[in-house]
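Biologist: I'm new to this one. Can you put it on screen and walk me through the side chains?

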Amino acid sequence: LPNFELVADVALWFAERYDPSCDISDNINEESDRILFIKSICQIFLTKARIKLNPKRLYEANGYAVKELLKVATMLNKAMNASGGEDDEVVSSMDFNMSSKLSNLKQARSLANEITETGAKLFDSLGKENGLRESREKALEFLDSISRNLGSNTEQEYIEKCIRDLVGGQSQQMDQMNEMIENLRSDEKELENKIQRRAAELERSDKRLKGIEQVRPEFMDEYEKLEQEIERYYSQYVEKFRNLDYLENQLDEYNKRELEKKKENQKSLKKIQEKYKVEEYNTYNEGNEDGNLMKDMGSTRTGFNQGNAVGNIEGDDDEGEDEEGEDSEDEDGDPINIESDEDEEIEEDG
């Protein structure tokens with residue numbers, strides 16, 4: 001089970017033995033304090049002894065933490081054995097310059113591996129101690145009973161019986177193993193036969209495949225011919241589609257231009273119609289002004305016979321009206337066909 005307090009005590013003791021002047025807090029009540037403690041331990045051994053420890057494994061406080069602490073323990077043990085002095089004198093007089101001990105690096109690594117393996121085996125053995133304790137106690141009781149009753153043969157008979165049972169069990173296991181070996185041999189022979197058959201089938205299949213690859217199918221000529229025709233038809237299709245798209249675009253542009261011309265012609269036609277209407281209106285107003293002027297002159301004339309004057313004036317008015325009527329008839333008889341002229345102009349422009 002993890003025991004962080006024990007790992008912390010061992011690590012702190014190692015650090016104090018290595019460097020008595022180190023200042024590390026032993027407060028591990030909170031999680032942040034434990035993290036700070038592990039960081040401080042790892043930093044001391046990394047900077048001063050050049051030993052890299054895994055802080056995660058130290059924090060787990062299990063068998064892996066023991067492996068990490070063994071690195072420091074091995075180094076301290078080597079230093080103590082090399083100096084041969086007492087503990088306090090060794091700590092004060094040790095030289096921790098690892099560059100001078102490169103020759104012993106391989107030996108130290110092998111010893112560290114042996115220590116870790118031994119520690120792992122010991123840990124596994126201690127884990128089985130609860131189950132082996134009862135068997136060990138029973139064996140001791142049995143040996144005590146044999147030592148007390150040396151004259152009786154009951155214990156010896158019991159031992160012989162147990163040995164015979166063990167021999168019988170082992171013989172049965174041997175028979176089962178022999179039977180399994182025979183079965184495996186028969187299975188091996190069957191598998192070898194299957195492998196041979198599969199190899200023969202594979203060889204035949206390879207030969208058949210090579211023969212098929214060498215033979216040209218009958219339909220390949222027709223297939224290649226049809227493929228060429230399809231490529232030719234496709235190229236024609238692409239060309240026609242492209243031309244059709246181009247012609248449709250040109251047609252759209254032509255219709256657009258014709259529509260614009262038509263609109264412009266309609267605008268010009270409206271302007272001409274308005275112009276002729278204004279001219280007709282002006283001519284009509286000028287004729288009315290001339291008639292009113294003649295009436296005014298007839299009413300102001302003196303020394304003439306009023307009857308003759310009136311008759312002359314009426315005759316003149318009638319003649320004027322006839323002339324105006326003829327002019328109007330001429331004007332009405334031959335109307336100006338503006339639309340037909342404009343249509344002819346549009347057709348000529350088209």
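Modeller: Let's begin with a term: a disulfide is a pair of cysteine sulfur atoms within 2.5 Å. Two notes first. This is a predicted model, where local features need pLDDT of at least 70, side-chain atom pairs count only at pLDDT 80 or more, and totals for chains, interfaces and linings use all residues. Residues are numbered from 1 along each chain as its sequence is written, and side-chain values use heavy atoms, with hydrogens and water left out.

Biologist: OK. How many disulfides by this rule?

Modeller: The count is zero disulfides.

Biologist: And Cys22, buried or exposed?

Modeller: Cys22 counts as buried because its relative accessibility is 16%. Buried means under 20% relative accessible area, exposed over 50%, and partly exposed in between, with a 1.4 Å probe and protein chains only. Cys42 is buried as well, at 10%.

Biologist: Switching to charges. How many salt bridges does the rule give?

Modeller: Nine salt bridges. The rule asks for a side-chain nitrogen of Lys or Arg within 4 Å of a carboxyl oxygen of Asp or Glu. Side chains of opposite charge can pair when their charged atoms come close.

Biologist: Which residue forms a salt bridge with Glu68?

Modeller: Arg57, with the closest N and O atoms 3.7 Å apart. That pair links distant parts of the chain: Glu68 is in helix 4 (residues 63-83) and Arg57 in helix 3 (residues 55-60), 11 residues apart. Helices here are DSSP runs of H or I, at least four residues long, numbered from the N terminus.

Biologist: Is Glu68 buried or exposed?

Modeller: Glu68 counts as buried, because its relative accessibility is 4%. Arg57 is partly exposed, at 34%.

Biologist: What network are Arg57 and Glu68 linked in?

Modeller: A network of salt bridges that takes in Lys71 along with Arg57 and Glu68.

Biologist: Which helix holds Arg133 and Glu129?

Modeller: Both lie in helix 7 (residues 129-148), four residues apart, about one turn of the helix. Arg133 is partly exposed at 39% relative accessible area. Glu129 is partly exposed too, at 22%.

Biologist: What about Glu160 and Arg164?

Modeller: Those side chains meet in a salt bridge of 4.0 Å, N to O. Glu160 and Arg164 both lie in helix 8, four residues apart, about one turn of the helix. Glu160 is partly exposed at 43%, while Arg164 counts as exposed at 53%.

Biologist: Which residues form the nonpolar patch on the surface?

Modeller: Tyr158, Ile159, Ile163 and Val167, with about 370 Å² of accessible area together. Areas come from the Shrake-Rupley method with a 1.4 Å probe, and for residues only the protein chains shown count as cover. Patches take residues with over 30% relative accessible area and no salt bridge: like charges are joined within 9 Å, nonpolar side chains (Val, Leu, Ile, Met, Phe, Trp, Tyr) within 5 Å. Ile163 is found in helix 8 (residues 154-214), and is partly exposed at 46%.

Biologist: Last topic, rings. How many aromatic pairs?

Modeller: Four, from a search of the whole structure. One of them is Trp13 with Phe14, tilted, 5.6 Å centre to centre and 55° between the planes. Rings of Phe, Tyr and Trp (its six-membered ring) pair if their centres lie within 6.5 Å; planes under 30 degrees apart count as stacked, over 60 as edge-to-face and the rest as tilted. Trp13 counts as partly exposed at 48%, and Phe14 as buried at 10%.

Technical notes
Helices (H or I, at least four residues) and strands (E, at least two) are DSSP runs, numbered from the N terminus.
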